[in-house]
Structures are given as structure tokens and as C-alpha cells.
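Here is a walk through one model, taken helix by helix and then residue by residue. Keep the viewer open while you read.

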Amino acid sequence: MDWLTSLIWHNGKLLGIQWSVWKVVGWIGNAVFFSRFFVQWYATEKLKRVVVPTAFWWLSLTGSLLLLSYALFYQKDSVFIFAYAFTWIPYIRNLIIHRRHAQAQLDCADCGKLSPPQSNFCSGCGARLSPAAEKAGP
Ligand SMILES: [Zn+2]
């Protein structure tokens, strides 16, 4: 277990890292940004087709903003700053598109299942769907 102790506590520092508030922000940003791959992979394996869930874009946005703040206020490196300076644009755009698509779904009055906006019939129970009845519920 000596190797484990020297791995965790290296050169008198936790993981051999000189810790500061910005180091914590940067490592949390790394962890959040990296975790999005597992979220997307899990969603794809679950549905057996390639999907990008909303959580992927939230994790991308949060992780990249944490890494951008680390780059701006601690690292102060132009390459690192530029790498994360504009990534929030497609992340927010994809979140907006996800939201608009979810709001356009047709809600079946009979079974409550959501169907794509252009659907004429519910895929759950076969009832006729009409866009006018979509938001007319109680
Ligand atoms: Zn239905």
C-alpha cells in the first residue's frame, strides 16, 4: 500500500498538485466536462442508437465555463482561453433547440404519451392527435 500512499500524497501534496481555489475550480471543470461522455454513452447504449441527451449539453456548458474561468483568472494562457471562449455558443443553441422541440411535442389526451409535432396519431394508443388540442388541456 506504500505505492498508493505515494500516489495520493506525492511530494508533500495531495496527488502531487499545488492546490488553490482556482485549481479546485479547474479540476471540477475537468470532471464535469469529462462526465458528459459517460452520460452520452449511457443514453446511446440504453436506446441502442446515437443520442445526445440534454444533460450532455448542460455538462458541456458547465464544464467549459468552469474551465474558461480557470483559464481566464488562473492560467492566463491565450491558447487555453481561446479553446473555451466560444464553446458555449453551440451548447446554448442546442439547449434552446432541445427545449423548443420538447415544447412542440403533441400530448395525447387519452394516454398522455408525447408524439413528434407532425404526428396525426398517438404512437401509444392510436388516438387522433390535433395540434389545436395540444395545449387545450385543464
Ligand atoms: Zn395516446
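In what kind of crossing, left-handed or right-handed, does α3 pass α4? The crossing is left-handed, a label used if the near helix is turned anticlockwise from the far one by less than a right angle, with clockwise giving right-handed.

Some ground rules before going on. This is a predicted model, where local features need pLDDT of at least 70, side-chain atom pairs count only at pLDDT 80 or more, and totals for chains, interfaces and linings use all residues. Residues are numbered from 1 along each chain as its sequence is written. Helices (H or I, at least four residues) and strands (E, at least two) are DSSP runs, numbered from the N terminus.

**Helix packing**

Two packed helices are described by the angle between their axes and the distance between the axes. Axes here are lines fitted to C-alpha atoms, for helices over the stretch in contact, and angles run from 0 to 180 degrees between N-to-C directions.

| Helix pair | Angle | Axis distance |
|---|---|---|
| α2 (21–47) and α3 (54–75) | about 155° | 8 Å |
| α3 and α4 (78–85) | about 155° | 9 Å |
| α3 and α5 (88–104) | roughly 155° | within 9 Å |

Angles under 35 degrees count as roughly parallel, over 145 as roughly antiparallel, 65 to 115 as roughly perpendicular and the rest as oblique. So α2 and α3 are roughly antiparallel to each other. Their crossing is left-handed. The residues of the α2 contact with α3 split into 14 nonpolar, 10 polar and one charged. For these classes, Ala, Val, Leu, Ile, Met, Phe, Trp, Tyr, Cys and Pro count as nonpolar, Asp, Glu, Lys and Arg as charged, and the others, Gly among them, as polar.

Now back to α3 and α4, which are therefore roughly antiparallel as well. On the α3 side, S64, L67, L68, A71, L72 and Q75 meet F80, I81, Y84 and A85 of α4; residues are in contact if their C-beta atoms, placed from the backbone, lie within 7 Å. That contact has eight nonpolar, two polar and no charged residues.

Next comes α5, and α3 and α5 are therefore roughly antiparallel too. Their crossing is left-handed. Here T54, W57, S60, L61, S64 and L65 of α3 meet W88, Y91, I92, N94, L95 and H98 of α5. By class, this contact has seven nonpolar, five polar and no charged residues.

G29 is buried, because 21 other C-beta atoms lie within 10 Å; the cut-offs are 20 or more for buried, 12 or fewer for exposed, and partly exposed in between, with C-beta atoms placed from the backbone. Leaving out residues up to four places away in sequence, G29 touches G63, L66, L67 and Y70. G29 and V50 are 21 residues apart in sequence and 25 Å apart in space, C-alpha to C-alpha.

Then look at N120, in the segment after β4 (114–115). N120 is exposed, because it has 9 other C-beta atoms within 10 Å. Again not counting residues up to four places away in sequence, N120 touches R128 and L129. N120 and L106 are 14 residues apart in sequence, with 9.4 Å between them in space, C-alpha to C-alpha.

**Domains**

The protein chain is divided into domain 1 (2–104) and domain 2 (107–138), with bounds that come from an automatic or database domain assignment. The C-alpha centres of domain 1 and domain 2 lie 37 Å apart.

Conventions: Contact = placed C-beta atoms within 7 Å.
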